[in-house]
Amino acid sequence: MRIALDGRSVQMAGRRHAIAEAAASALAANGARLKWTETPAAADLCVIAHPLDLDAAYRPDAMIAFAEAVAALMASTSGGRIIHLIPAAALVPMRRHAAASVSMAAVVAATRGLAMQAAPTVLVNAVAIGALDEGAEAGDPAMLSHVPLARPGRLDEAVAALLFLADPMNTYTTGQVLAVDGGWTAGFGRDF
C-alpha cells in the first residue's frame with residue numbers, strides 16, 4: 001500500500017516484534033524519516049508497539065504515559081497521529097489469557113480517552129491484531145479455530161491497516177480500534 005509520507009517524521013516505541021519491524025519498513029518505504037526511541041518527542045506519527053504474544057506479565061502503564069507525553073508535544077506543534085499496535089484479545093477477553101486481555105483492554109480505554117483529550121490536532125487510534133502466520137508473535141493459535149475467514153492473517157494485512165490510519169488522507173478517524181483478525185472479534189463459534 002502506498003501513502004504519501006515523504007519527509008514526515010515517525011517515532012517508533014515499545015516492543016520490537018515482527019509486526020512493528022514490518023510497519024517500520026513500510027513507513028520508511030513510503031518516505032517517512034523513522035527512528036526508534038523510548039524518549040517522547042514531537043513527530044508527525046508515533047507508533048507504539050505493545051507485545052502481541054499475550055504476555056501475562058506486561059503492564060502498559062509506561063507506554064500509555066508515553067503516548068500521553070507524545071500527544072502533548074504533538075499538540076504544542078502542528079499535531080500528529082498516534083497508533084498503538086495491540087493484540088485482538090484487547091477487544092475480546094480470552095479465558096486462557098485473562099491477565100493479558102485486561103492489560104491490553106487498558107490500552108484500548110487509554111486510546112479512546114486520549115483521542116478525546118488530544119483532539120482536534122492529534123488523532124489517536126489502535127490496530128488490534130489477531131493470529132498471524134509467517135512466525136509473527138501475535139495471538140494464540142487456538143484463536144484460528146474461531147476465525148470466520150478460516151486462515152491466519154499475514155504481516156502485510158496488519159501493516160496495511162496501520163498504513164490506513166497513518167495516511168495523511170485519513171483525517172476523520174480517531175478513537176478507533178481497527179481489528180485485523182479475520183473476524184475473530186466478531187464472535188464466530190467462540191468457546192474459550
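Predicted model: local features only at pLDDT ≥ 70, side-chain atom pairs only at ≥ 80, totals over all residues.
Colleague: Where do I start? How many helices and strands does the protein have?

Modeller: Start with the elements. This protein has four helices and six strands. Read from the N terminus, their order is β-α-β-β-α-β-α-β-α-β.

Colleague: Why is the protein called as compact as a globular protein of its length?

Modeller: Compare its radius of gyration with the globule rule. The protein's value is 16 Å, close to the 16 Å that the rule gives for 192 residues, so it is as compact as a globular protein of that length. Its C-alpha atoms fill a box of roughly 50 × 30 × 25 Å along the principal axes.

Colleague: What share of the residues is buried?

Modeller: Buried residues make up 52% of the 192. In soluble globular proteins, nonpolar side chains tend to be buried together. Look for that here. The largest nonpolar core holds 29 residues. I19, L27, L85, V127, I129 and L162 have the most contacts inside it.

Colleague: Which elements give two or more residues to this core?

Modeller: They are β1 (9–14), α1 (18–29), β3 (45–49), β4 (80–87), β5 (122–129) and α4 (155–166). The largest share, eight residues, comes from α4. There is also a second, separate core of 25 residues. Y58, M63, L114 and A128 are among its members.

Colleague: Now pockets. Which residues line the largest pocket?

Modeller: Check volume, then lining. The largest pocket has a volume of about 170 Å³. Its lining is L5, R8, V10, D44, L45, S78, G79, G80, R81, A166 and P168. By type, that lining divides into five nonpolar, three polar and three charged residues.

Terms used. Residues numbered from 1 in each chain as written. Heavy atoms only, no water. Core = buried A, V, L, I, M, F, W, Y, C linked by side-chain atoms within 4.5 Å. Buried < 20%, exposed > 50% of the residue type's maximum accessible area, 1.4 Å probe, protein only. 1 Å grid on protein atoms, 1.4 Å probe; cavity = no way out; pocket = protein on both sides within 12 Å on 5 of 7 lines; lining within 4 Å. Points joined across faces, edges and corners; volume = space filled by probe spheres on them. Nonpolar A, V, L, I, M, F, W, Y, C, P; charged D, E, K, R; others polar. Rg over C-alpha atoms; globule rule 2.2 N^0.38 Å.
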